[in-house]
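Visitor: I would like a close look at one part of this model, with the rest brought in as background. Please keep to what can be computed from the atoms.

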Amino acid sequence: MIRRVPADDWRGQGQEAYLCGLVWRWSAFTPYRPEWEHDHCECCSIRLSKAAGDLQSGFVAQDGYRWICKDCFDDFRDEIQATVAK
């Protein structure tokens with residue numbers, strides 16, 4: 001497995017245990033539940049929402065629940081064995 005980030009990168013906190021093997025797609029932010037207004041990147045916790053000033057798109061898992069920003073996805077893609085949906 002190729003590691004794109006140093007072992008001591010603060011963003012890597014064992015997420016591969018639950019993100020490993022998930023299928024992802026690039027998407028505009030859509031809340032998992034109607035009452036949710038935002039979510040956070042699974043790695044760096046940056047805020048994703050439809051609001052100005054927040055990231056408004058990222059990679060979302062097929063379940064629509066987990067989000068990863070583009071920078072973290074690029075860095076951790078190999079570690080989490082990510083597959084991108086066509």
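Visitor: How many helices and strands does the protein chain have, and what does Phe59 touch?

Guide: The protein chain has two helices and six strands; helices (H or I, at least four residues) and strands (E, at least two) are DSSP runs, numbered from the N terminus. This is a predicted model, in which local features need pLDDT of at least 70 and side-chain atom pairs count only at pLDDT 80 or more, while totals for chains, interfaces and linings use all residues. Residues are numbered from 1 along each chain as its sequence is written, and side-chain values use heavy atoms, with hydrogens and water left out.

Some background on the chain comes before the part itself. In sequence order the elements follow the pattern α-β-β-β-β-β-α-β. The protein chain is as compact as a globular protein of its length, because its radius of gyration is 13 Å, close to the 12 Å that the globule rule gives for 86 residues. That radius is taken over C-alpha atoms, and the globule rule is 2.2 Å times the number of residues to the power 0.38. Along the principal axes, the C-alpha atoms fill a box of roughly 35 × 25 × 20 Å.

Of the 86 residues, 33% are buried; buried means under 20% relative accessible area, exposed over 50%, and partly exposed in between (1.4 Å probe, protein chains only). The protein chain exposes about 5,300 Å², and carbon and sulfur atoms supply 50% of that area. Accessible areas come from the Shrake-Rupley method with a 1.4 Å probe, and for residues only the protein chains shown count as cover. Among contacts between residues at least 6 apart in sequence, 67% join residues at least 24 apart, where contact means heavy atoms within 4.5 Å.

Now to the part you asked about. Phe59 is found in strand S4, which covers residues 57–61. With a relative accessible area of 12%, Phe59 counts as buried. Leaving out residues up to four places away in sequence, Phe59 touches Trp24, Arg25, Trp26, Arg66, Trp67, Ile68, Lys70, Phe73 and Val84. Ala85 is 26 residues from Phe59 along the chain, and their C-alpha atoms are separated by 10 Å.

Gly58 is also in strand S4. It is buried, at 0% relative accessibility. Apart from neighbours within four places in sequence, Gly58 is in contact with Arg25, Trp26, Ser27, Leu48, Trp67 and Ile68. Gly58 and Tyr18 are 40 residues apart in sequence, and 18 Å lies between their C-alpha atoms.

Beyond four places in sequence, Ile68 touches Leu19, Trp24, Cys41, Glu42, Gly58, Phe59, Phe73 and Ile80. His40, 28 residues from Ile68 along the chain, has its C-alpha atom 7.6 Å from that of Ile68.

The lining of the largest cavity is made up of Gly12, Gln13, Gln15, Glu16, Leu19, Cys43, Phe76, Glu79 and Ile80. A cavity is a set of points on a 1 Å grid over the protein atoms alone where a 1.4 Å probe fits but cannot get out, and lining residues have an atom within 4 Å of a point. The count comes to one cavity of 30 Å³ or more, and the volume of the largest is about 40 Å³. A volume is the space filled by probe spheres set on the points, and grid points are joined across faces, edges and corners.

The loop between helix H2 (70–76) and strand S6 (83–84) holds Gln81. Gln81 is partly exposed at 44%, and its phi is near 50 degrees, a positive value in a residue other than glycine. Most residues other than glycine have a negative phi. Asp78 is in the loop between H2 and S6 as well, and is partly exposed at 23%.

Note on methods
On a 1 Å grid over the protein atoms alone, a cavity is a set of points where a 1.4 Å probe fits but cannot get out, and a pocket is an open set with protein on both sides within 12 Å along at least five of seven lines; lining residues have an atom within 4 Å of a point.
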